[in-house]
Amino acid sequence: MELLPLLTVLLLAHAVVYLAWQAVSRRRRACCYLLDYACHKPSDDRKVTTEMAGDVIERNKRLGLSEYRFLLKVIVNSGIGEHTYCPRNVLQGREESPTHDDALEEMDNFFADAVAGVLAKTGVRARDVDLVVLNVGSFSPAPSLVSRLVHRFGMREDVMAYNLSGMGCSAGLIAVDLARNVMLTRPRTTMALVVTSESCAPNWYVGTDKSMMLGNCLFRCGGAAALLTNDPAFRGRAKMELRCLVRANIGAHDDAHAAAVHREDADGRLGVSLSKALPKAAVRAFTENLQRLAPRILPARELARFASRLLLRKLLLAPRKHTAAGNKAEGPASSPKIDFKTGVDHFCLHPGGTAVIEAVRKSLGLTAHDVEPARMTLHRWGNTSASSLWYVLSYMEAKRRLKRGDRVLMATFGSGFKCNSCYWEVTRDLADAGAWEDCIDKYPPETLVNPYMDKFGWVNDVQGQGSGFLF
Amino acid sequence: MPTGGVFSGSVNLKYVKLGYQYLVNHFLTLLLVPVMAATALELARLGPGELLSLWRSLELDLVHILCSAFLVVFVGTVYVMSRPRPVYLVDYACYKPPASCRVPFATFMEHTRLISDDDKSVRFQTRILERSGLGEDTYLPPANHYIPPNPSMEASRAEAQLVIFSAIDDLVRRTGLKPKDIDILVVNCSLFSPTPSLSAMIINKYKLRSNIRSFNLSGMGCSAGLISIDLARDMLQVHPNSNALVVSTEIITPNFYQGSRRDMLLPNCLFRMGAAAILLSNRRREARRAKYRLVHVVRTHKGADDRAYRCVYQEEDDQGFSGISLSKELMAIAGDALKSNITTIGPLVLPMSEQLLFFFRLVGRKLINKTWKPYIPDFKLAFEHFCIHAGGRAVIDELQKNLQLSSRHVEASRMTLHRFGNTSSSSLWYELAYIEAKGRMRRGDRVWQIGFGSGFKCNSAVWKCLRSIKTPTNGPWDDCIHRYPVDVPEVVKL
């Protein structure tokens with residue numbers, strides 16, 4: 001063959017191969033697999049029952065009878081069971097003066113259990129981890145907790161470490177978002193460790209402001225560590241694949257922003273104040289998130305059906321407005337609901353409280369079976385803040401609900417006010433009970449009613465105690 | 001300039017080295033020039049008639065020419081489109097606190113004497129301040145002007161709002177940025193992370209969009225500014241046509257140490273109020289007005305080593321007061337971390353001449369003679385400007401020695417330490433503002449920002465200047481740049 005055509009063909013071939021290789025490597029990097037995860041199970045000496053909680057409350061001499069009643073009412077109606085975990089300093093009577101070391105000890109226990117656990121389960125060495133993202137809401141010492149993790153496990157010098165803090169209960173998915181975005185930019189495949197927890201030790205509220213006492217009743221110790229990777233070699237062993245992640249932040253609205261605020265009360269004591277506007281902010285953020293999520297995960301048929309019903313309703317409703325005001329034919333007709341169950345098989349909802357779960361259940365039109373994992377997680381572990389989703393997922397896995405091809409939707413809310421959601425596809429049948437192993441057979445229990453209802457049930461009979469809080 | 005016969009040997013060596021550098025760095029050019037000259041001579045010798053017959057003999061027809069042209073265009077396009085998107089620094093703003101927040105030495109010493117009963121720690125702090133390299137114009141937040149300071153969460157939030165909103169307002173004024181156009185927000189503040197986060201606070205104040213991607217980094221120390229830049233860069237690589245707002249600050253209010261342990265008193269003397277807001281973008285139209293382009297970010301984490309991890313450590317003293325202890329080995333560890341960082345960044349930025357020298361010296365040490373000293377590459381060939389984190393006088397001295405820099409190169413760092421104190425992660429931006437205010441930033445100049453922080457981390461960022469910056473710059477140095485550089489004495493007598 002002559003020189004020039006030969007050269008031309010060679011160059012063309014090279015260009016085509018280069019282009020194809022670029023496209024393939026971009027596709028490869030774009031997938032994100034959940035290799036495995038582990039939920040933290042604190043030691044049994046940290047379990048707290050309703051009676052023990054009652055003792056802790058009684059220790060606080062500043063509380064009067066009305067506060068006492070309010071707290072017990074919340075605890076008894078909270079849907080939280082007798083096996084949740086508390087930080088050691090609270091159980092030892094030192095909740096008024098937590099030390100820096102108490103908080104660090106809580107974190108160290110979590111690292112030793114969950115992080116070491118997930119590395120052992122998957123056989124990934126700490127030196128193979130390229131990216132670590134840690135999120136702990138209300139504790140950020142120097143050096144950062146992610147540095148503490150790097151130090152404890154002896155990670156490499158060029159590890160990319162990020163420490164998120166202050167981002168509330170929805171920050172678990174923000175950490176996943178960060179990991180996913182960084183993975184997309186690295187030329188080589190990345191192994192990412194995403195660690196989420198909440199620090200309870202320094203955050204027990206010891207004052208008398210009712211809006212701040214809710215945190216004591218609901219938040220419990222817990223944490224989770226997950227390994228994510230975009231290496232296709234792990235596809236066979238991975239549990240789920242990340243399909244899409246949507247974040248909505250309605251902090252621009254003042255009342256939403258002030259829904260959950262860490263501040264000082266009138267006496268100068270620190271606590272997280274949950275305002276009465278919180279449920280409304282949650283609904284708003286949730287709607288905002290779902291509006292952006294639905295087109296990305298639901299089948300076209302459902303979207304078309306919803307759009308046509310919405311259009312029909314608008315067309316039918318408009319002319320009726322002109323008729324007599326007394327005509328209430330359509331009136332408060334239910335607006336057409338989009339059915340998420342057409343695109344989602346399992347719902348991992350943030351167990352923020354019974355009212356939150358109930359509100360989400362109603363708005364999505366779910367059954368009791370769908371919200372059972374969230375309710376049971378709230379009962380067994382309490383509200384472990386950002387890591388609670390992983391406990392809910394673990395419940396589903398322990399109950400053998402997750403089969404290959406199933407689609408899972410995780411949705412959480414948090415201060416800011418944010419609502420983040422994440423859509424996974426299960427890649428193989430899952431059966432690992434994880435942290436639920438020793439108790440999954442007892443769930444769901446016959447009754448969720450608090451066993452101390454007899455002892456403390458009289459609080460429910462008390463009238464007019466300002467029951468504006470829906471928790 | 002050394003004169004006299006005694007130094008003539010070293011002068012000759014200097015010229016030899018210059019010649020060698022020129023030869024290696026322009027190797028390709030030097031090779032091509034004779035080849036092109038020879039070709040031109042040959043063509044001239046052949047004459048037009050012979051050239052035409054040579055051309056015809058190639059038997060090119062239209063198809064061939066079109067294919068070749070198409071191919072060249074195609075390959076060129078593929079290459080250009082597959083490169084990572086450039087990240088531009090459109091502009092940045094540094095916060096300049098009001099004069100009412102000024103803390104001259106006399107104020108600081110008086111407050112210290114009134115707050116503390118311990119004579120020894122008062123004298124210790126005096127000695128630190130004398131040797132610190134700080135000037136009389138550094139700033140502390142309003143809460144720290146109370147006697148004793150009032151470190152409540154409300155006061156901390158007030159300081160955060162003051163510094164962050166002022167910096168962002170300044171940035172909006174300079175760039176005409178609309179809040180609705182911000183797609184990515186990264187905030188870093190090491191020792192204060194309230195709920196809702198500082199990023200949520202910014203979203204609330206400026207009514208940013210609900211689909212914004214925000215991140216609030218905390219606890220990551222004085223090098224966190226470059227970690228935020230790294231994260232913003234990664235986000236900009238993934239999302240085309242976006243703006244990223246990066247806010248770096250350190251909130252001083254909650255971190256006043258009330259005890260008397262010496263290693264924990266140092267931060268009280270050195271840390272001062274400051275904040276910076278930076279606008280990054282990957283939009284092509286911003287390339288026209290952007291100041292810098294981000295070339296590299298290199299991060300090194302020495303946390304696996306016990307000594308490095310404990311070097312900057314927050315803990316409670318015997319009386320239960322919380323503070324940050326700085327270990328005596330800080331300088332050695334910083335030097336170590338820098339060396340690790342350099343081994344990664346060196347090959348990316350050093351010209352070939354330095355890399356070859358380093359390589360040959362390394363080979364020589366291993367194979368020929370172990371006593372040869374390792375070659376320290378000359379980074380002055382790779383960068384025109386250096387921004388070294390103004391962590392303290394000792395840090396700047398150590399780095400000047402390690403990198404063999406002249407006093408002009410570290411002037412920005414020393415003057416920032418003098419004028420603003422150690423403002424933690426935002427200090428690098430005050431230093432860059434100094435260089436611009438002095439009118440030294442020209443198009444094509446390369447800047448190296450080096451940050452150190454707890455962990456122990458050493459992070460570097462390399463920027464390339466896209467347009468010469470004209471003075472006055474309307475920055476934090478405008479009212480005082482004419483006084484600088486000042487001579488900072490070793491010890492100021494108090």
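Helices (H or I, at least four residues) and strands (E, at least two) are DSSP runs, numbered from the N terminus. With that naming in hand, here is a walk through the structure.

This is a predicted model, where local features need pLDDT of at least 70 and side-chain atom pairs count only at pLDDT 80 or more, while totals for chains, interfaces and linings use all residues. Residues are numbered from 1 along each chain as its sequence is written, chains are lettered from A and ligands numbered from 1 in the order in which they are written, and side-chain values use heavy atoms, with hydrogens and water left out.

**Where the chains meet**

Let's start with the contact, meaning heavy atoms within 4.5 Å. Chain A brings 67 residues to it and chain B brings 66. About 5,300 Å² is buried between the two chains, with carbon and sulfur atoms giving 56% of that. Buried area here is the accessible area (1.4 Å probe) that two parts lose on being put together, summed over both. On the chain B side, B:Thr195, B:His301 and B:Tyr309 supply 12% of the area that chain B buries against chain A, more than any other three residues.

How many salt bridges does the rule find across the interface of chain B and chain A? There are 3, a salt bridge being a side-chain nitrogen of Lys or Arg within 4 Å of a carboxyl oxygen of Asp or Glu. The interface also has 31 residue pairs in polar contact, both at pLDDT 80 or more. A polar contact is a pair of N or O atoms within 3.5 Å; within protein, one must be able to donate a hydrogen and the other to accept it, and residues adjacent in sequence count only if both atoms are side-chain atoms. The side of chain B that touches chain A divides into 25 nonpolar, 25 polar and 16 charged residues.

Over all chains, a search of the whole structure turns up 54 salt bridges. One of them joins the side chains of A:Asp370 and A:Lys341 (2.7 Å, N to O). A:Asp370 sits in helix α13 (residues 368-381) of chain A and A:Lys341 in the loop between α11 (300-320) and β11 (346-349) of chain A, so this pair ties together parts that are 29 residues apart in sequence.

On a 1 Å grid over the protein atoms alone, a cavity is a set of points where a 1.4 Å probe fits but cannot get out, and a pocket is an open set with protein on both sides within 12 Å along at least five of seven lines; lining residues have an atom within 4 Å of a point. Grid points are joined across faces, edges and corners, and a volume is the space filled by probe spheres set on the points. The count comes to 8 cavities of 30 Å³ or more.

For the classes below, Ala, Val, Leu, Ile, Met, Phe, Trp, Tyr, Cys and Pro count as nonpolar, Asp, Glu, Lys and Arg as charged, and the others, Gly among them, as polar.

| Space | Volume | Lining by class |
|---|---|---|
| Second largest pocket | about 2,000 Å³ | 20 nonpolar, 12 polar, 18 charged residues |
| Largest cavity | about 170 Å³ | 13 nonpolar, 3 polar, 2 charged residues |

The second largest pocket is lined by 50 residues, and A:Thr185, A:Arg186, A:Pro187, B:Pro84 and B:Gln237 are the closest to its centre. α1(A) gives the most to this lining, with 9 residues. A:Arg186 also meets B:Asp234 in a salt bridge between side chains (2.8 Å, N to O).

The largest cavity has 18 lining residues, with A:Val56, A:Ile57, A:Leu71, A:Trp204 and A:Asn216 nearest its centre.

Most residues other than glycine have a negative phi, and most peptide bonds are trans. A:Ser385 has a positive phi of about 60°. A cis peptide bond joins A:Gly416 and A:Phe417, with omega about 15°. Another cis bond runs from B:Thr471 to B:Pro472, with omega near -5°.
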